[in-house]
Amino acid sequence: MKIAYIILSFSILFSAACAHKSVQAKESEKSSADVLFENLKALVGKATLFGHQDDLAYGIGWKYVEGESDVKRTAGDYPALFGWELGGIELGNPVNLDSVPFHKMREFAVWVHQNGGVNTFSWHPFSAVDESKSSWVVDEVVVRHILPGGSHHEVFIRHLDKLVGFFKELKTDDDEMVPFIFRPWHEMDGGWFWWGVDLTTPEEMIALFRFTIEYMHESGITNFLVAYSPDRHFNNEAEYLTWYPGDDMVDVIGVDNYYDMRSGEQGFQDAIRKLEIVTRYAEKTGKVAAFTETGLDRIPDANWYTSKLGAALNANEWTRKIVYAMVWRNHDLTHFYVPYPEHPAANDFRSFLNQDHILLLSDWNNYLGNK
Ligand code: BMA
């Protein structure tokens, strides 16, 4: 393990494509993304950060109320990790595809960083082949046409430039760049996105993933970690790695999984097995593993948080190595993942979060020794 890590570090030194390329740098040269990676690494096997998508932006019955959070309303503290979505930035829209203004998102992400939390960004872009088509329109091949040499590569470059523009402005008033985890092209093993398995070969996905990250680096965005997160369609490490862009490119070994987590005992066992596959791979490569998306929409099972999510994370020594688990957004009463205070799952949610090894924002700050 140590030797593998040294070899890895060696390759990092000679690779311009690594997201946290100065991990082995001297203390004074560390970027805040390096520090973020080290902090996450120090959690492995000890604790798991709880995360929530769009947590500060809106929740059940409120929108853009300063200081609000459904996690805080129900459990008394903010999540330790905050997910944000960039879909729509590529078109130059002022708001994302869920109506979150990008200027608010930037403010939230800065607040998160200044308060010791972790930011992660997903991106569900519109198609560069037909900009009227969202990520979920799967009626034509896109990836092949946006890669270098493809008919719509130049349009895709314009999309990436918009993305880069957002990240360039992700800084504090003192011009400190906010570190973040970027999680592009996720769930590529499913058939529901235009970059999904039915319309894209593994080679094309790998090329797209690598191109995206390299383009960001070349554009001066370097202060971030990269997450790879397929959905649940794999049964072993080799299958998991089908679309993997490479150890030089990825920091967070992730998995999204809603389906297994709502599919009875067999699904639950499958979810555990998949978490084991990601943590084993992360350990082998010196990276960190994460449950990058999960949840139970509307939480009809009032014990889901302890009996499914908590039980899966605590199933064995391998699943305990997951460093964060993030649930999706609280859009409204028809689509939410964190129980509001009067919801039947609220008590169970608090029990899940009250466990010593599940960290909310102040737990995480205490863990890091932050004041
Ligand atoms: C999906 C749903 C959609 C949303 C999209 C991107 O899972 O929540 O309503 O637009 O994510 O955030």
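## Who surrounds the ligand

Here, a residue counts as near a molecule if one of its heavy atoms lies within 4 Å of that molecule. With that cut-off in hand, and bearing in mind that this is a predicted model, the ligand turns out to be surrounded by E85, L97, D98, W136, W328, R329 and H335. Sorted by class, this shell has three nonpolar residues, one polar residue and three charged ones.

Which side chains put an N or O atom within a few Å of a ligand oxygen? Start with D98: an N or O atom in its side chain is 2.5 Å from an oxygen atom of the ligand. For the side chain of H335, the distance to a ligand oxygen is 2.6 Å, and for that of W328 it comes out at 2.9 Å.

As for cover, the ligand taken alone would expose 310 Å², and the protein buries 72% of that.

## The pocket it sits in

Where does the ligand sit? It takes up space in the largest pocket, which holds about 440 Å³. A quick word on how such spaces get found: rolling a probe the size of a water molecule over the atoms shows where empty space is left.

The lining of this largest pocket runs to 23 residues, and E187, Y258, E293, W328 and Y337 are the ones nearest its centre.

Technical notes
Residues are numbered from 1 along each chain as its sequence is written. This is a predicted model: local features need pLDDT of at least 70, side-chain atom pairs count only at pLDDT 80 or more; totals for chains, interfaces and linings use all residues. Side-chain values use heavy atoms; hydrogens and water are left out. A polar contact is a pair of N or O atoms within 3.5 Å; within protein, one must be able to donate a hydrogen and the other to accept it, and residues adjacent in sequence count only if both atoms are side-chain atoms. Accessible areas come from the Shrake-Rupley method with a 1.4 Å probe; for residues, only the protein chains shown count as cover. On a 1 Å grid over the protein atoms alone, a cavity is a set of points where a 1.4 Å probe fits but cannot get out, and a pocket is an open set with protein on both sides within 12 Å along at least five of seven lines; lining residues have an atom within 4 Å of a point. A molecule sits in a cavity or pocket if more than half of its atoms lie within 2 Å of its grid points. Ala, Val, Leu, Ile, Met, Phe, Trp, Tyr, Cys and Pro count as nonpolar, Asp, Glu, Lys and Arg as charged, and the others, Gly among them, as polar. Grid points are joined across faces, edges and corners, and a volume is the space filled by probe spheres set on the points.
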